[in-house]
Amino acid sequence: MSRLAIKICGLSTPDTVGAAVRAGASHIGFVHFAKSPRHVDAAQIAALAAIAPGHMEKVGVVVDPADDLLAELTAGGALTALQLHGKESPQRAAAIRQRFGLPVWKAISVKTRADIDAATAYVGAVDLLLFDAKTPDGSALPGGMGLRFDWTLLRGLSIPMPWGLSGGLSADNAAEAVRITDAPLIDVSSGVESAPGIKSVDKIMAFCKAVSAC
Ligand SMILES: O=C(O)c1ccccc1N[C@@H]1O[C@H](COP(=O)(O)O)[C@@H](O)[C@H]1O
């Protein structure tokens, strides 16, 4: 078992949730964003989360969500954390954490060192920072596009809170990403797919094996 936390995100079928469990992932993620090929609704999230063991973290990925939506997604207790992947401010993120009583992750879109420095505004407001590649202006999705950023920007990162790395990871580059960044949590979505939104059991297995060897 790896010392690293592994999140397999954008799951939408029972067999791929099962694969993430068998492969030793610590976290699974469900995307609720209509424009995403990985979009799942509240009922699907509840059914998929129920397949995974209780100790596994189940993260709901949302983009600039309204409180009504968050109330719907969290009502059944299936999710153990919320990943905010839009333009939520530190104040909005803190309000969500307080209102819904779940750990909150904030995705930080990274292109330059300044993006990482700006993330300190979220210290105290959220529970984990997830550094992800900035998608191009006008993109349909704010994440899940298989894009990576310059991982050397995270070298020697000193931030007083949990954090993770995402964006363009796959079985082929995960070890390099860990070596460069020393990230304690690794998050993957499109890098374990055979086509957008179609997760591959084999790629999930290969990814977890590669990370576990780090
Ligand atoms: O995956 C999506 O479709 C998505 C939609 C909206 C917000 C975030 C989304 N994905 C998240 O982006 C990162 C990186 O993904 P990738 O590995 O580069 O494909 C990850 O946390 C996804 O869950």
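Helices (H or I, at least four residues) and strands (E, at least two) are DSSP runs, counted off from the N terminus. This is a predicted model, so local features need pLDDT of at least 70 and side-chain atom pairs count only at pLDDT 80 or more, while totals for chains, interfaces and linings use all residues. Residues are numbered from 1 along each chain as its sequence is written.

The chain has seven helices and ten strands.

As for overall shape, the C-alpha trace spans about 40 × 40 × 35 Å along its principal axes. Buried residues make up 42% of the 214. Here, buried means 20 or more other C-beta atoms within 10 Å of a residue's own, exposed means 12 or fewer, and partly exposed is in between, with C-beta atoms placed from the backbone.

In H1 (14-23), Thr16, Val17, Ala19 and Ala20 are buried. They cover an arc of only 155° around the axis, which puts them on the same side of H1 (the arc is that of the directions from the helix axis to the C-beta atoms). Pro14, Asp15 and Arg22 are exposed on the face turned away from that side. The buried residues of H1 pack against S1 (5-8), S2, H2, S10 (198-199) and H7 (201-212); contact means C-beta atoms, placed from the backbone, within 7 Å. Just after H1, Gly24 takes a positive phi of about 95°.

In H2 (residues 42-51), the buried residues are Ile45, Leu48 and Ala49. Their arc is only 100° around the axis, which puts them on the same side of H2. Ala43 and Ala50, on the other side, are exposed. Among the elements covering the buried residues of H2 are H1, S2, S3 (57-62) and H3 (67-74).

Terms used
Two residues are in contact if their C-beta atoms, placed from the backbone, lie within 7 Å.
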